[in-house]
Amino acid sequence: MTAILLSLPFVASANMIWPSLIIVQKYYAWYVILAALIIEVVAAHIFLKTDWLKSILVMVVVNVISALVGLILIPVSGLLIEVLMTPFALGTFSLLNWILEYLCAVLVNTCVEGLMLKWIFKYQFKPNFWWLFVANLISVIISFVLIFV
């Protein structure tokens, strides 16, 4: 037993990457955040029927919370996709994995923002889900385009 234990390496290596780690890096760039805030403030003004100042306040608050939660949930959801897709042997960076991981990023942000709208600002979740989803989808598309820039 001692010989087996002594033969194991004592140096750990953490050189694993999956698409959602790249997504987080691009999605949290300041210019993507600024674009997302502008898109969401305009959408909040239209769909929540609030004045501009309240729209800015609401979206800044929910996006700060969403960003903090998303730093954990987006990579974790991406890792879950990797585990679930393993039996299909498509590879970590297959087109389907990228699509699913981007969709997870959109869903994570939409759900967190929708719940914050409900819990903090007392807006209902269901009527606001789709405009939040579209606004977050646009933001994620912007971050996707930046992968190639």
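The legends below describe close-up views of a predicted model.

**View 1. Confidence along the predicted chain.** The protein averages a pLDDT (the predictor's confidence in each residue, from 0 to 100) of 85, and 89% of the residues score at least 70. Confidence is lowest in helix 1 (residues 2-7), at a mean of 57, and highest in helix 3, at 93; helices here are DSSP runs of H or I with at least four residues, numbered from the N terminus. Where pLDDT is low, the predicted coordinates should not be read in detail.

View 2. The largest pocket has a volume of about 180 Å³, taken as the space filled by probe spheres set on grid points joined across faces, edges and corners. A pocket is an open set of points on a 1 Å grid over the protein atoms alone, where a 1.4 Å probe fits and protein lies on both sides within 12 Å along at least five of seven lines, and lining residues have an atom within 4 Å of a point. Of its 13 lining residues, Y28, I33, N63, V64 and A67 lie nearest the centre. Helix 3, helix 4 (52-85) and helix 5 (95-119) each give two or more residues to this lining, with helix 4 giving the most, five.

**Notes.** Residues are numbered from 1 along each chain as its sequence is written, and side-chain values use heavy atoms, with hydrogens and water left out. Local features need pLDDT of at least 70 and side-chain atom pairs count only at pLDDT 80 or more, whereas totals for chains, interfaces and linings use all residues.
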